[in-house]
Amino acid sequence: MTRNGSERERTTAGQRLAVDLNCDFGEGFGPYTFGHDDGLLKQATSVNIACGFHAGDPHTMRQAVERAVAAGAAVGAHPGLPDRLGFGRREMAVTPDEVYDFVVYQIGALDAFVRAAGGTLHHVKPHGALYHMAGADEAIAEAVVRAAAVFGRHLLVYGQSGTLLPVVAERCGLTAVSEVFADRAYRPDGRLADRRTPGALLERPEQILRQALAMVLEGRAYTPDGAAVPVRAQTICLHGDGRDAAYAAQYLRRGLQEVGIAVEPPRRNFAPG
């Protein structure tokens, strides 16, 4: 891969470009596994570990934390709705107070395992339906952010670029990290295109890298029709359930680095205490 002129200009003009690669991790349960954890851990700089509601159990949580800490990845909590049967991907009629309790409970459980492994919890990223609800509903977003703040204002909050969650996190004094998706097309309003829409899923590594470079270098993603959508790319989600997920992640990381983009976890604004 070679740099084009604009990419070379952006990365050598005194501006150091960096982006995080995050992946959902430890989403098995008992004897069941999910995704390509081993392959993604080699490429990700931060991981979001299931906390027992949509997936995970005490044993898988401990093992996932130990592996992530040993690999040097930044460890985050990945709280979801209490819907194991639906893998946390179905919206539920829950109140903000219920969301607060769900998230405090799950972060607390994971934080205990992180401390036991000699690490420090780095961030919180809601899972599935809770993630999208927090992006669209201010009261739900505030409940998630209040729950994160219980564990220290050093915690980062990962939320989709252009949605309410990063805005609410910053307003409440926490550091927000704007997330983008290199393997998904976008709608004109900045939301992800429905998976059933033709062209909504970017499956070839070259497509994924092309979109990632556009998001990081130019601040834009694309709709299935090719229209540009403004985004802020601070972390890129690596999905682990595709057949070639591990190879796509490797291809993406290598491609970013080849054009001078550093791949590293987001920095905290405050020291844990």
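**Arg67 and its partner**

I started with Arg67, which comes out as partly exposed at 33% relative accessibility. A note to myself before going on: this is a predicted model. I then looked for a charged partner and found Asp38, which forms a salt bridge with Arg67, the closest N and O atoms being 2.3 Å apart. Arg67 belongs to helix 3 (residues 58-71) and Asp38 to helix 2 (residues 37-41), so the pair links distant parts of the chain, 29 residues apart. Is Asp38 buried or exposed? I get a relative accessible area of 54% for Asp38, so Asp38 is exposed.

**More salt bridges**

Why look for such pairs? Side chains of opposite charge can pair when their charged atoms come close. I counted 14 salt bridges here.

Next I checked Arg16. Its salt bridge is with Glu264, and the closest N and O atoms are 2.8 Å apart. Arg16 sits in the loop between helix 1 (5-12) and strand 1 (18-25), while Glu264 is in the segment after strand 10 (262-263), so this pair ties together parts that are 248 residues apart in sequence. Arg16 itself counts as exposed, at 57% relative accessibility.

Then I went to Arg171, whose side chain meets that of Glu138 in a salt bridge (2.8 Å, N to O). Arg171 is in helix 7 and Glu138 is in helix 6, so the two tie together parts that are 33 residues apart in sequence. Arg171 is partly exposed, with a relative accessible area of 47%. Glu138 also counts as partly exposed, at 35%. I also noted a network: Asp24, Lys125 and Glu179 are joined by salt bridges that share partners.

**Helix 7**

Since Arg171 lies in helix 7, I stayed there for a while. Which residues of helix 7 (residues 164-171) are buried? I found Leu165, Pro166, Val168 and Ala169. They cover an arc of only 165 degrees around the axis, so they are on the same side of helix 7. What do these buried residues pack against? My list has helix 5 (128-136), helix 6 (138-149), strand 5 (156-160) and strand 6 (175-181). Just after helix 7 I came across Gly173, which takes a positive phi of about 90 degrees.

**Val150**

I looked up Val150 in the loop between helix 6 and strand 5. With a relative accessible area of 47%, Val150 is partly exposed. Leaving out residues up to four places away in sequence, Val150 touches Tyr100 and Val104. Val104 is 46 residues from Val150 along the chain, yet their C-alpha atoms are separated by 7.6 Å.

**The core**

Now for the inside. The largest nonpolar core has 76 residues, and Val47, Leu110, Ile236 and Leu256 touch the most other members. I picked Ile236 and checked its contacts, not counting residues up to four places away in sequence. Among them are Val19, Leu21, Val180, Ala212 and Leu256. Asp20 and Asn22 are on that list too.

**The whole chain**

Last, I stepped back. The protein chain has nine helices and 10 strands. Of its 273 residues, 53% count as buried. The accessible surface comes to about 12500 Å², and 50% of that belongs to carbon and sulfur atoms. Finally, I looked at contacts with a separation of 6 or more: residues 24 or more positions apart account for 73% of these.

Conventions:
Residues are numbered from 1 along each chain as its sequence is written. This is a predicted model: local features need pLDDT of at least 70, side-chain atom pairs count only at pLDDT 80 or more; totals for chains, interfaces and linings use all residues. Side-chain values use heavy atoms; hydrogens and water are left out. A nonpolar core is a set of buried Ala, Val, Leu, Ile, Met, Phe, Trp, Tyr and Cys residues joined through side-chain atoms within 4.5 Å. Buried means under 20% relative accessible area, exposed over 50%, partly exposed in between (1.4 Å probe, protein chains only). Contact means heavy atoms within 4.5 Å. Helices (H or I, at least four residues) and strands (E, at least two) are DSSP runs, numbered from the N terminus. The arc is that of the directions from the helix axis to the C-beta atoms. Accessible areas come from the Shrake-Rupley method with a 1.4 Å probe; for residues, only the protein chains shown count as cover. A salt bridge is a side-chain nitrogen of Lys or Arg within 4 Å of a carboxyl oxygen of Asp or Glu.
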